[in-house]
Amino acid sequence: MSFKKFASDFALRESNVDRNGSMWGQPPSAVRPGAARLSAMLFTAMAAVAVILPFSAFGQKPASVKTTEDLPSGSMQAKATTSCLECHEARIILQQRLSKATWAKEVDKMIKWGAVVDANDHDALIDYLSTNFSPDQPAYDPPRTSIEKPLGRNGEAKHAK
Amino acid sequence: MNSRRNFLRQMSGAALTVGAAPSLLSWALPNPQSGAIDVPGEDGLIVRSFRFVDLETPVEYFNTWLTPIPHFFVRNHMHEPSELNASDWRLTIGGEVEKPFSLTLSDLSKLETHSVVNTLECAGNGRSLHRPQVPGVQWGKGAVGTARFSGPRLRDVLQRAAVKPNGKHVMFRGLDEVPGKVPPFIRSIPIEKAIDADTLIATQMNGAPLTKHHGLPARALVPGWIGAASCKWLTEIKVLESEFAGNFMNPGYRFPNQPGKPGEAVKPEDTHALTALNVKSAISAPLDGTKVKSGRAAVHGAAWAGEADVVKVEVSIDGGTSWNPASLGHDKAHYAWRLWTYDWKAKTGDYTILSRATDSQGRSQPSTAVWNPSGYLYNAIDRVTIHVV
């Protein structure tokens, strides 16, 4: 395809977006925590989970179908949520399996990069992270993106020789 | 023309559409109990992070020479641009040049287009497999994919700007948005790589315009090098006298000059900036931990080597005691992976299957990858265990 065609596709996409664009608000990659629109979207989505899933004939477990995860409970949960999830979601933390010394380095790097951590909470935050996400914990099991265009009926793809 | 200005605001974002998911989940997903998140245009990928968007290709999709865009991994360090618009987009070329200038999309479209099939891999691919474990996105084996990238050559643009003799490095800046006080994602490449005929300002992947997750409308494409070199949402090219001094050049994306003891700190002066990828292979089938029927069976996978060519892939079905040559697929290109297959007769039992690639520089995959504090360039011999029934 020529770049000229590419430029015209741009315009086509634009009109598509204009028609449907109000559905989702800003792309989540750009959404900042606290944005009212995101909260409203998530609330609506969670309500949809609550309403639709009980009537689903397939009985899938809905528990993990969340766009973003929460941090584990504990006395530092709220403060860690405020300090860390301003910039990134909880999964980034949930998947780490690090020693206390490495967690300390990470926390200090993040403070340098703008994370707001009260000096009185510094050590407790490191304890919270290194207790919940230590090397001996089982690996985090991530979700997948849903499949709009499956490759095969059994979910398996053909392998080229 | 407000609509034109905002045409990308709503595009390509991930969104939750739970209602449609259960019927698909029941048969399409390998692991339906984990649930699925609807990210338009991104199908069946492992969600390492939703915000920022970091999505991994499951190894079972390493079964086509060109990775379909919906299955192509996505790596972001930052928020994607919240707004992009065609009329305002500019690419500026400046720094140590005689004639700085800027390009509109229309200008870019008039430049000669060149195509390169390239295997793009995140330097941190396989990070989760290093021991001891290291911080960062815990990629498994799938922060890698192969696509045909097309667009003008970077050197044509640099030539027009007339690089001064003291211009030795070329810096890229994208439109991604920095949270907090995080340093901007800016990196540079040496001028020799920048003027290589295969280094592009890519506007297309697999014949279609870049999607937003892959850097619409233009990205750098530095073939054979770590993915971080190929800056997305490109908006500025700046010629520098020396390597760009910023977090993502140093201390980020550096590798020990000599292998050290796993878990031990590495002095900054004993490291170098990452450039080309190393030699590597991955088994795409059978999947790890699965049961396979006895009889004729095949092991499939892909192998790649950055700027070098894969010359050999060997497969062991006995945990490394004996090795057998795999047959390499006929699709090939200088910077692209080779698909490979090994046929064998499977008898009932437990098997550890290994794959090992060797490249044109004589490099071969090691049994243990070189540990480093950020977990880059994991390339140990790949391994799956299966049970034949």
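**Notes on chain B**

1. To find a spot on screen, look for B:I93, whose bridge partner in strand 5 of chain B is B:F101. Keep in mind as you look that this is a predicted model.

2. Five strands of chain B make an open sheet, and you can walk across it in the order 5-4-14-8-9. The pairing in this sheet is mixed. Its edges are strand 5 (101-103) and strand 9 (186-190) of chain B, each of which pairs on one side only. From one strand to the next, the twist averages 20 degrees. As a reminder, strands of a sheet pair through backbone hydrogen bonds, in either a parallel or an antiparallel way.

3. Along its principal axes, the C-alpha trace of chain B spans about 70 × 55 × 40 Å. Buried residues make up 52% of the 389 residues in chain B. Take the contacts in chain B with a separation of 6 or more: 70% of them are between residues 24 or more positions apart.

4. Chain B is assigned two stretches as domains: domain 1 (1-276) and domain 2 (280-388). Their C-alpha centres lie 26 Å apart. Where they touch, domain 1 of chain B gives 30 residues and domain 2 of chain B gives 28 residues.

5. Which elements give two or more residues to the side of domain 1 of chain B that touches domain 2 of chain B? They are strand 6 (113-121) and strand 15 (254-256) of chain B. Strand 6 of chain B provides the largest share of that side, with four residues. Sorted by class, this side of domain 1 of chain B has 17 nonpolar, 10 polar and three charged residues.

6. Finally, have a look at strand 17 (residues 280-285) of chain B. Is this strand mostly covered or mostly open? Mostly covered: six of its six residues are buried. Strand 17 of chain B pairs with strand 19 (residues 295-304) of chain B in the antiparallel sense, over five bridges. Within strand 19 of chain B, the residue standing opposite B:I283 is B:G301.

Definitions and conventions. Residues are numbered from 1 along each chain as its sequence is written. Chains are lettered from A and ligands numbered from 1 in the order in which they are written. This is a predicted model: local features need pLDDT of at least 70, side-chain atom pairs count only at pLDDT 80 or more; totals for chains, interfaces and linings use all residues. A residue is buried if 20 or more other C-beta atoms lie within 10 Å of its own, exposed if 12 or fewer, and partly exposed in between; C-beta atoms are placed from the backbone. Two residues are in contact if their C-beta atoms, placed from the backbone, lie within 7 Å. Two strands pair if DSSP finds at least two bridges between them. Axes are lines fitted to C-alpha atoms, for helices over the stretch in contact, and angles run from 0 to 180 degrees between N-to-C directions. Domain bounds come from an automatic or database domain assignment. Ala, Val, Leu, Ile, Met, Phe, Trp, Tyr, Cys and Pro count as nonpolar, Asp, Glu, Lys and Arg as charged, and the others, Gly among them, as polar.
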